[in-house]
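This briefing goes through one protein structure by topic. Keep the sequence and the 3D view open while reading.

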Amino acid sequence: MTLFEKDKEYVWHPFTQVQTEAPPIHIVRAKGTKLIDDKGKSYIDCNSSWWVNIHGHGNKHIQKAINTQFKEVDHIIFAGATHVKAIELAERVANKLPKPLSKVFFSDDGSTSVEVALKMAIQYWHNKNEKRTKILAIDGAYHGDTFGAMSVCERGVFNRPFESLFFQVDFIDFPTPEKEEILLAKAETLLKLNQYAALIVEPLVQGSSGMRMYSPQFLDELVKLAKKYHTLVIFDEVMTGWGRTGKWFALNHIQEIPDIVCLSKGLTGGVLPLGLTVATKAIFNAFLGEEKQKAFLHGHSFTGNPLACAAACASLDLLEEEETWTAIQRISNGHQTFIKEIESSSSIQDIRQLGTILAIELKASEESSYFNSIRDEAYHYFLENGLWIRPLGNVIFVNPPFCLTQAEQNRIFVVIKRFIKKLEL
Ligand SMILES: Cc1ncc(COP(=O)(O)O)c(C=O)c1O
């Protein structure tokens, strides 16, 4: 059997209709911003390998940290034991976040960090003997693929088979500028009922629904309302964290502070799976008591994995370098200049940008959605031209590793521009 035959025989790939889709590309090497396939063709990793790889592939500093850690402690149980890299990471992350956010719970990925946040919020009220079990969310959200996370996601084709099993969630519409006021009024009507354990949002950018962006002012007002009615606020910063929006976290763009923050993706520089859920001391304190059942009885075999923690600490070292922020600013400025160049194109519906995220929504004869047919055309065009871009339906987007060079960014823009021009014809 060839490698592809074996892949077909034994591997079940995610988000893939195996029967109709082309076989996967065999990547044999990943270095810096480049992915290289078995035929020697190289692709710029424009979406940072599912938005995780913030410092480029094969980063030497992260590699060294993992190697050193492996020689000391590879993996240990995290209940009844601790280790130095988990403590270092928790302290450093807590110090990067606004003060009340100071208790760090470890899990495995973005979905589990959200799952933990939801469970924390619901049990917080349970421990306080208050009946608040519903969740408030924003339409179009994506928070992951485990059951709790799915429950607070946009309801649709991705989760329809499971819908009858979801817990109760109310959604407010996506806050486009013209709807903001009306939505705040609606949110207040709902929050007044005092039945929500928490409000969960992807702060400022809804990633999977097409890098849809909304205003910091709206988010500030929404959080204020949630606080007014004692509803906990969860920020899912799985995608927006670690410099992606031009600041450390999306929450740094606003005044209000959430009660719980979910972190993953770029946390380890995107090289090992790890999730963190950071809560305020006030939430943590509600789990203290003489009774064991008041504790947060949740954990995973790989909770606090030392190798992942070491990678995350090394990633923080890199994020703390001025050079990284200069690169983030340069990429962001480059995006802005490119927007001016293409914004008048007749094939563009909308362009959005925040920090290193650039999203171009293409005009489509069908409704804008993940399954829009432009998606496949764009995906294959970009691959042929050496760009690894995985469009979200008719939204093509770039959220590259921060080590992207100016020349690589220019190359990305040349190819995107050619594709947009092709659509104009
Ligand atoms: C905002 C957000 N939350 C949660 C998740 C789920 O993370 P993971 O795929 O690591 O489970 C994602 C993944 O894209 C995400 O964008």
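In helix 4, the buried residues are Lys-85, Ala-86, Leu-89, Ala-90 and Val-93. They lie on the same side of helix 4, because the arc they cover around the axis is only 130 degrees. The model discussed here is a predicted one.

**Helix 4**

- Glu-91 and Asn-95 are exposed, and they sit on the other side of helix 4.
- The buried residues of helix 4 pack against two helices, helix 3 (60–72) and helix 10 (306–319), and against two strands, strand 4 (101–107) and strand 12 (275–280).
- Helix 4 runs over residues 84–96, which makes 13 residues.

**Leu-316 in helix 10**

- Helix 10, one of the elements that the buried residues of helix 4 pack against, contains Leu-316.
- Is Leu-316 buried, partly exposed or exposed? It counts as partly exposed, because it has 18 C-beta neighbours inside 10 Å, while a buried residue needs 20 or more and an exposed one has 12 or fewer.
- Leu-316 and Ile-62 are 254 residues apart along the chain, and their C-alpha atoms are separated by 9.8 Å.

**Surroundings of the ligand**

- The ligand is surrounded by 14 residues. The closest are Asp-109, Gly-110, Ser-111, Gly-144 and Val-238.
- Which helix gives the most to the shell around the ligand? It is helix 5 (residues 110–127), with three residues.
- By residue type, the shell around the ligand holds seven polar, four nonpolar and three charged residues.

**The whole protein chain**

- The protein chain contains 15 strands and 13 helices.
- Its C-alpha trace spans about 65 × 55 × 45 Å along the principal axes.
- A compact globule of 425 residues would have a radius of gyration near 22 Å. The protein chain has 22 Å, so its value agrees with that of such a globule.
- Of the 425 residues in the protein chain, 44% are buried.
- Among contacts in the protein chain with a separation of 6 or more, 73% are between residues 24 or more positions apart.

Note on methods: Residues are numbered from 1 along each chain as its sequence is written. This is a predicted model: local features need pLDDT of at least 70, side-chain atom pairs count only at pLDDT 80 or more; totals for chains, interfaces and linings use all residues. A residue is near a molecule or strand if its C-beta atom, placed from the backbone, lies within 6 Å of it. Helices (H or I, at least four residues) and strands (E, at least two) are DSSP runs, numbered from the N terminus. Ala, Val, Leu, Ile, Met, Phe, Trp, Tyr, Cys and Pro count as nonpolar, Asp, Glu, Lys and Arg as charged, and the others, Gly among them, as polar. The expected span of a helix is 1.5 Å times one less than its number of residues. The arc is that of the directions from the helix axis to the C-beta atoms. Two residues are in contact if their C-beta atoms, placed from the backbone, lie within 7 Å. The radius of gyration is taken over C-alpha atoms; the globule rule is 2.2 Å times the number of residues to the power 0.38.
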